[in-house]
Amino acid sequence: MTHGRRADSYTPRPDGAAPRDTAARYALLPLRIFLGVTFVYAGLDKLTDSAFLKDSGAGSIGDMMRAVRDSSAIPALVDMALESPVGFGYAIAFGELAVGIGALIGLLTRIAALGGALISLSLWLTVSWAAEPYYYGNDLPYLMAWTPLILAGAPLLSVDAALRARRRRGTF
C-alpha cells in the first residue's frame, strides 16, 4: 500500500535543498583549497630557496634539470628549460603562485586550473617521469586533481561566483 508521504531518510532544508545536494555543491571546495595552498607554498618555497634559483650547485634548478634530462619523456622540454634554468625556475615559481592564488580565491578558476594542470603535466613528463612504478611520482595525481576544477570551475565561495551573481543582478 502506498502513502502520500515521502519516506526519505533526511529532512529537507527550508530552501528545499537536501543535505546531499548541499554536500555535492561544496564537493570541490576541499580540493580547491588543497591545490591552492599547495601551489602557493610550492611557489613561495622556490622563490625563497637560495639554492633553487641558480644555474648550478646543490639543490639548483639547473642541476635538477640536467639530472632528469636523459630519463624524461620529452628531453626537448628539458633542453628548452636548460637554455635559461634560472628564468625557467622563476617562471615555474611565479606560475605556481598565480595558479595557487587563483584556485584559493576562485578567480578565473578554470584558467588557473588549466595552468596548474599544464605545470603538473610538464613536471610529470620531465622531472617525475622516471618514477617507478608511475604512481610514486606525485605530478600525475596533481594533473588529475586539477581536471575537476577545469571542468567545473569554482561555483561557490569564489570571486568567479560573486562576479556571476553580480552579472545576473545587473549590477556589474
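1. Read along the sequence, the chain of this predicted model runs in the order α-α-α-α-α-α-α-α.

2. As to the chain as a whole, buried residues account for 34% of its 172 residues. When contacts between residues at least 6 apart in sequence are considered, 65% of them join residues at least 24 apart.

3. The largest pocket holds about 380 Å³ of space. Its lining consists of 19 residues, and those closest to the centre of the pocket are K46, E96, L123, N138 and D139.

4. Which helices supply at least two residues each to the lining of the largest pocket? They are α2 (29–48), α3 (61–68), α5 (85–105), α6 (109–126) and α7 (139–152). Helix α2 gives the most, with six residues. By class, the lining of the largest pocket has 12 nonpolar, three polar and four charged residues.

5. E96, one of the residues closest to the centre of the largest pocket, deserves a separate remark. This residue is placed in helix α5. Is E96 buried or exposed? The relative accessible area of E96 is 4%, and the cut-off for a buried residue is under 20%; E96 therefore counts as buried. Leaving aside residues up to four places away in sequence, E96 touches F39, V40, A42, G43, K46, I119 and L123. Two of these contacts, K46 and L123, are also listed with E96 among the residues closest to the centre of the largest pocket.

6. The second largest pocket contains about 180 Å³ of space. It is lined by 13 residues, of which L108, T109, R110, D160 and R164 are the closest to its centre. Helices α6 and α8 (159–169) each supply at least two residues of this lining, and α8 gives the most, with four residues. The lining of the second largest pocket divides into seven nonpolar, two polar and four charged residues.

7. Finally, the two linings may be read side by side. Helix α6 supplies at least two residues to the lining of the largest pocket and at least two to that of the second largest pocket. Four charged residues are found in the lining of the largest pocket, and four in the lining of the second largest pocket.

How values were computed. Residues numbered from 1 in each chain as written. Predicted model: local features only at pLDDT ≥ 70, side-chain atom pairs only at ≥ 80, totals over all residues. Heavy atoms only, no water. Buried < 20%, exposed > 50% of the residue type's maximum accessible area, 1.4 Å probe, protein only. Contact = heavy atoms within 4.5 Å. 1 Å grid on protein atoms, 1.4 Å probe; cavity = no way out; pocket = protein on both sides within 12 Å on 5 of 7 lines; lining within 4 Å. Points joined across faces, edges and corners; volume = space filled by probe spheres on them. Nonpolar A, V, L, I, M, F, W, Y, C, P; charged D, E, K, R; others polar.
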